[in-house]
Amino acid sequence: MLHADRPTVSVAAGKGGTGKTLFATSLAVALNEVQPGQVQLIDCDVEEPNADILLHPQIAEREPVKVLVPEVDLDTCTRCGRCAQECQFSAIAVIRDAVLTFPDLCAACGVCAYVCPVGAIAEVERQVGIVERGMSPEGIHFVQGRLSVGDQRATPVTKATARMVDVNMISILDAPPGTACPMQESIESSDYCILVTEPTPFGLANLQDAVETCRRMELPCGVVINRDGIGTPGVTDYCTAEGIDILLRIPQDRSIAEAYARGETLAHSFPQWRDELVDVYDAVCKFLRSESTLTT
Ligand code: SF4
Ligand code: SF4
């Protein structure tokens with residue numbers, strides 16, 4: 001769904017380490033300069049959230065994310081094994097007289113409780129993460145999800161985090177790297193996905209996967225090339241051949257790398273980049289407007 005004149009933009013990358021978070025936070029800072037207090041940055045990379053290192057938010061609220069996992073009443077259980085047969089995730093097993101559950105593997109689908117013929121399975125809450133909300137010193141509304149240490153189920157935390165999009169604001173979602181479920185859950189609620197990549201054969205291969213994912217989800221996408229000037233022209237050639245807009249090229253530049261190492265965004269360290277970053281969002285708005293005109 002297109003969020004009127006303030007589309008929600010997700011920022012994703014087919015792999016980690018491409019500069020995705022640097023770009024997402026820089027975009028948020030630049031947009032907040034022109035629309036103070038109207039920008040929201042949502043860090044959906046719940047396994048390794050680090051946008052806070054660049055934006056320094058004051059966290060004001062924390063909400064636990066919980067899922068329902070099975071708890072077996074062994075006095076009622078007949079050890080029939082039906083729950084283990086039906087579980088698609090090998091998260092419950094009946095071994096001799098014991099019924100073992102593996103909460104880390106459980107997808108909280110509820111099937112085992114549903115199929116248990118004697119009602120021996122109750123569904124109990126288990127915390128898998130947390131959603132934090134706060135504000136950066138310059139007034140960017142900040143949200144981040146954080147998966148509990150040792151837990152493997154990122155998707156429920158990602159979903160809970162992505163739900164925090166405020167359609168009345170300019171929302172920038174920093175998606176997890178890769179193209180698996182958590183990335184898809186993050187970009188699903190956006191109107192447009194910006195894919196950050198590097199001009200290398202590895203960057204190209206991961207970009208192709210990410211573009212394919214966006215196309216399967218019918219989500220328009222464009223590309224930002226980070227460390228432009230290194231590697232090969234493969235990414236540019238691919239984008240040209242596929243008709244994908246290259247929205248911005250961030251050059252390979254030692255001073256940018258040094259600023260990032262100090263925990264500073266592009267917009268903080270290099271004010272001359274602010275207009276170019278705002279232009280990226282304007283180009284996305286213009287594209288979406290033209291698309292909605294074409295489809296009406
Ligand atoms: S389905 Fe119910 S009764 Fe059968 S083994 Fe599982 S918990 Fe026990
Ligand atoms: S809730 Fe679903 S995933 Fe979890 S143990 Fe039961 S059947 Fe398996």
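A: A residue is near a molecule or strand if its C-beta atom, placed from the backbone, lies within 6 Å of it. By that rule 14 residues surround ligand 1, the closest being Cys77, Cys80, Arg82, Cys83 and Cys116. This is a predicted model: local features need pLDDT of at least 70, side-chain atom pairs count only at pLDDT 80 or more, and totals for chains, interfaces and linings use all residues. Residues are numbered from 1 along each chain as its sequence is written, while chains are lettered from A and ligands numbered from 1 in the order in which they are written.

Q: How many residues of each class does the shell around ligand 1 have?

A: Ala, Val, Leu, Ile, Met, Phe, Trp, Tyr, Cys and Pro count as nonpolar, Asp, Glu, Lys and Arg as charged, and the others, Gly among them, as polar. The shell around ligand 1 divides into 10 nonpolar, 2 polar and 2 charged residues. Around ligand 2 there are 11 nonpolar residues, 1 polar and no charged ones; Phe89, Ile92 and Cys106 are among them.

Q: In what order do the strands of the open sheet lie?

A: Strands of a sheet pair through backbone hydrogen bonds, either parallel or antiparallel. Strands (E, at least two residues) are DSSP runs numbered from the N terminus, and two strands pair if DSSP finds at least two bridges between them. Here 9 strands form an open sheet in the order E3-E6-E7-E2-E8-E1-E9-E10-E11, with mixed pairing. Strand E3 (58-72) and strand E11 (246-251) stand at the edges with a single partner strand each, so one side of each is left without a neighbour in the sheet. E3 runs antiparallel to strand E6 (residues 121-135), joined by 14 bridges.

Key: Helix = DSSP H or I, 4+ residues; strand = E, 2+ residues; numbered from the N terminus.
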